[in-house]
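Please read the report below with the structure open beside it, and follow each element as it is named.

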Amino acid sequence: MDNPGNGIAGFRLTEHTWMTELGNWIDAISPDGRRAGALLFDPKLIGLPGVRERVVQAVMTDQRLVLAGLTGLIPVADVVAAGDQVWLLTAQAVSPTLADLLAAGPIDPNGAASLLVETAQTLLALHAAGTTHGSVHPGTVVITAEGVSLLSERGLSDAIRAQVSQRERDAAGWASLARGLAASFGRDVPESAELFERVAATAQTLGLGTARDLLVNERGRLPGGRISRDGLARAARGRSAFAQAPSYARPPVPTPQDEGDIVTLLRVPGPSAGPVRSGIGTQPQEPPAGPVQFGPGVSTQPQQAETPAQRIWREGRGEAATVHRGGGQAARASRARRRRTILSAAVFAVIMAGAILAWFRLGNAPELAVKSINVVAPKKTQGCGSAVMVTATVVTNGAPGEITYEWRKNLDKEIVKGTLRTKADQTSYTVPLRWTLQGRSSVKATATLRVLAPGPVLTDKASFTYKC
């Protein structure tokens, strides 16, 4: 699949490419030999006034979020310009997507639940950081070979359209994912499909957090009663463009135009750089006085007349290999390796510092305790064939852990058991119960919630009237 004749800023472009609303995505190989991605923006879009600056600002926000510990996004390595072309380069593969997997066949319910839980976690983290994704759909959900679900193109659609999407747009996109997954396997596993439909409705009415908790708490309706990445991992490995040739006609891979040095568009903080701000509405910083260039002797000086050595580095073509390769090229390669080593060491140090901080925080965290529960049922009389939603609010001391609970109904012997994973610094959780009543009668229905662990056992109940 590799096409070594095409490259951009050290990334080798393969022959696997596909079109999106933003431009042309291409599977690529990073300079250190790992799978990566390259997006060549549609020149009609990126050339519009202000679009390039907004794209750069969105990417810089992503990089700050990733450095702060947010996971679940495809990391962006750089945004570069080559003449009139603008490229976005990722540090991780951007295929296969959920759209690719759905085109090949249905996703198993266990893997679909894993995808929904992980993407919901990512969206909630983005919302907590004061930003949104803006374009959640099957084409922006990337599945890794390990079955992990990541989001790509965060903020790019908004940057193109000069808008700021609200959280409700992300919730609607996530709900659409849930409904699409339910439709893919609905005939074979109707109980799981019904759960996904309820989860989708919950996301748009009560929010992503409640929808995620509902999916986790009712995982007993999934095959085997578990959430698993195994099926997603198998499907992703089977659809990898590096594992098989595409069965469709692919557009030609564009070659970067030979129009001067490749210039990074990401700002490099200097002595005169202003403070770095994150979040929605941040204005882009002023660009540096001169271009920041890739290539030998990384320079920030205005472009001078091109030397033969610079032309050899830029073009990377076969005929350039015959032009004077001396000790200078080996020295440049050595400097590039040292720069990569220093950067890798810095990133590793940041990750380790975060891990140590998290360890200390967890080590000193108090044990989970449930302070109170409050069960609420509809006050209105319910009619024939009603599906009633009884909700309970569980208040904790804000410690992470697991709550075990059960719902009991006075009209039958069914006991609905569940668990709830709590997070640090969150104290309130919603535990829903869906109760469907049928038949002709007039009764008082009572739902009782019992929190079993951590102890002591707490109980609360609520009643409603059913009349048919």
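In what order do the four strands of the open sheet stand, and is the pairing parallel or antiparallel? In this predicted model, the order is 14-13-16-17, and the pairing is antiparallel. Strand 14 (415–422) and strand 17 (458–467) each have a single partner strand and stand at the edges, so one side of each is left without a neighbour in the sheet. On average, neighbouring strands of this sheet are turned by 20° against each other, direction ignored.

Strand 16 (residues 442–453) pairs with strand 17 in the antiparallel sense over 10 bridges, and threonine 446 stands opposite serine 463 in strand 17. The loop between strand 16 and strand 17 holds glycine 455, which counts as exposed because its relative accessibility is 56%. Although glycine 455 and isoleucine 403 are 52 residues apart in sequence, their C-alpha atoms are 9.5 Å apart in space. Helix 8 (residues 208–217) lies across strand 13 (401–409) and strand 14, and runs at about 125° to strand 14.

**Helix packing**

Two packed helices are described by the angle between their axes and the distance between the axes.

| Helix pair | Axes come within | Crossing angle |
|---|---|---|
| Helix 6 (residues 167–185) and helix 7 (residues 190–205) | 8 Å | roughly 170° |
| Helix 4 (residues 109–128) and helix 6 | 11 Å | roughly 175° |

With axes that cross at roughly 170°, helix 6 is therefore roughly antiparallel to helix 7. In their contact, residues of helix 6 including Trp174, Ala178, Leu181 and Phe185 meet residues of helix 7, among them Phe196, Val199 and Ala200. The residues of this contact of helix 6 with helix 7 divide into 14 nonpolar, two polar and two charged.

Helix 4 and helix 6 are likewise roughly antiparallel to each other. Leu115, Leu116 and Leu123 are among the residues that helix 4 brings to the contact, while those of helix 6 include Trp174, Leu177 and Leu181. By class, the contact of helix 4 with helix 6 has 11 nonpolar, two polar and two charged residues.

**Nonpolar cores**

Which residues touch the most other members of the largest nonpolar core? Of the 41 residues in this core, they are Leu115, Leu116, Trp174, Leu181, Phe196 and Leu215. At least two residues of the core are supplied by each of helix 3 (98–104), helix 4, strand 7 (141–143), helix 6, helix 7, helix 8 and helix 9 (230–239). If residues up to four places away in sequence are not counted, leucine 181 touches Leu98, Leu102, Ile107, Ala112, Leu115, Leu116 and Phe196. There is also a second, separate core of 26 residues, which includes Val388, Ala399, Ile403 and Leu420.

**Strand 5 and its partners**

Strand 5 (residues 76–82) is mostly covered, since six of its seven residues are buried. Six bridges join strand 5 to strand 6 (residues 85–90), and the two run antiparallel; alanine 82 has glutamine 85 in strand 6 as its bridge partner. The hairpin of strand 5 and strand 6 has two residues between the strands, and in this hairpin glycine 83 takes a positive phi near 65°. Strand 5 is also joined by two bridges to strand 9 (residues 263–264), again in an antiparallel arrangement, and valine 80 stands opposite threonine 264 in strand 9.

Notes. Residues are numbered from 1 along each chain as its sequence is written. This is a predicted model: local features need pLDDT of at least 70, side-chain atom pairs count only at pLDDT 80 or more; totals for chains, interfaces and linings use all residues. Side-chain values use heavy atoms; hydrogens and water are left out. Two strands pair if DSSP finds at least two bridges between them. Axes are lines fitted to C-alpha atoms, for helices over the stretch in contact, and angles run from 0 to 180 degrees between N-to-C directions. Contact means heavy atoms within 4.5 Å. Buried means under 20% relative accessible area, exposed over 50%, partly exposed in between (1.4 Å probe, protein chains only). Angles under 35 degrees count as roughly parallel, over 145 as roughly antiparallel, 65 to 115 as roughly perpendicular and the rest as oblique. Ala, Val, Leu, Ile, Met, Phe, Trp, Tyr, Cys and Pro count as nonpolar, Asp, Glu, Lys and Arg as charged, and the others, Gly among them, as polar. A nonpolar core is a set of buried Ala, Val, Leu, Ile, Met, Phe, Trp, Tyr and Cys residues joined through side-chain atoms within 4.5 Å.
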